[in-house]
Amino acid sequence: LPPLVAEQTLATYYAVSSTARGTANSKTTLYLPFPGGKGPIWECPSASMTLHTVNTILAGNGKYGFFSYDMNIDLKRQANGTSAMPYPSMPTITSLRHPSETVCLFDCVFDPVTEVVNSSPQYNSVNPANRQNSFASRHDKGGNIVFFDGHSHYFKTSYIQSNPSISNNGEGEPLLPDVIWDPPYRLNNN
């Protein structure tokens with residue numbers, strides 16, 4: 001068996017050429033943190049994908065890992081709402097005006113065949129950070145959101161993606177009363 005994920009970098013589990021453990025794509029589903037695979041990584045037990053989907057549809061064929069839970073990418077927005085904070089800057093919890101409504105983590109789309117909720121399903125599960133465009137639909141057409149105050153709540157995908165704003169600064173964020181993705185944008189557009 002390969003070493004535990006916590007003991008090695010993700011690149012350790014992926015190789016472009018064949019190895020003693022199998023081809024790169026079969027290694028992806030057998031050895032990377034993937035539902036049914038090995039390793040101490042949290043994944044949604046309902047998230048699944050066939051090897052055929054990994055090999056033919058998924059961008060990068062899984063070499064960047066698989067993510068069924070994502071962090072809110074819009075937390076890195078600067079106050080002007082148009083550019084990202086430089087690394088390693090991050091907002092503090094105390095800087096969030098509405099922590100009980102601000103998204104921290106969420107169920108993200110996983111399988112690009114069964115969870116088509118945006119125009120780029122081939123990138124489902126590829127990125128560890130996303131926004132409302134990639135909110136899961138595998139749990140009765142919805143998913144869970146963890147907010148900064150620590151509580152979580154189930155939402156339908158149709159609600160999370162309803163009435164997107166038309167401003168480019170907000171990346172189409174719906175102006176929902178109980179869910180905030182981009183705090184600087186919402187501060188200026190509520």
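Contact here means heavy atoms within 4.5 Å. This is a predicted model, where local features need pLDDT of at least 70 and side-chain atom pairs count only at pLDDT 80 or more, while totals for chains, interfaces and linings use all residues. Residues are numbered from 1 along each chain as its sequence is written, and side-chain values use heavy atoms, with hydrogens and water left out.

Colour by pLDDT (the predictor's confidence in each residue, from 0 to 100). The protein chain averages 79, and 73% of the residues score at least 70. Now pick residues 14–22: pLDDT stays under 50 there, and the model gives them 21 contacts beyond four places in sequence. Where pLDDT is low, the predicted coordinates should not be read in detail.

Next, select Phe147. Beyond its neighbours within four places in sequence, Phe147 touches Pro99, Ser100, Glu101, Thr102, Val103, Cys104, His153, Phe155, Asp178 and Val179.

Phe147 also belongs to the largest nonpolar core, which has 11 residues, including Phe106, Ile145 and Trp181. (Such a core is a set of buried Ala, Val, Leu, Ile, Met, Phe, Trp, Tyr and Cys residues joined through side-chain atoms within 4.5 Å; buried means under 20% relative accessible area, with a 1.4 Å probe and protein chains only.) A second, separate core of 9 residues includes Cys44, Met49, Phe66 and Phe110.

Finally, switch to cartoon. Strands are DSSP runs (E, at least two residues), numbered from the N terminus, and two of them pair if DSSP finds at least two bridges between them. The open, mixed sheet has 5 strands in the order β3-β1-β2-β4-β5. β3 (129–130) and β5 (152–156) are at the edges with a single partner strand each, so one side of each has no neighbour in the sheet. Zoom in on Met71: its bridge partner in β2 is Leu105.

Methods. Buried means under 20% relative accessible area, exposed over 50%, partly exposed in between (1.4 Å probe, protein chains only). Helices (H or I, at least four residues) and strands (E, at least two) are DSSP runs, numbered from the N terminus.
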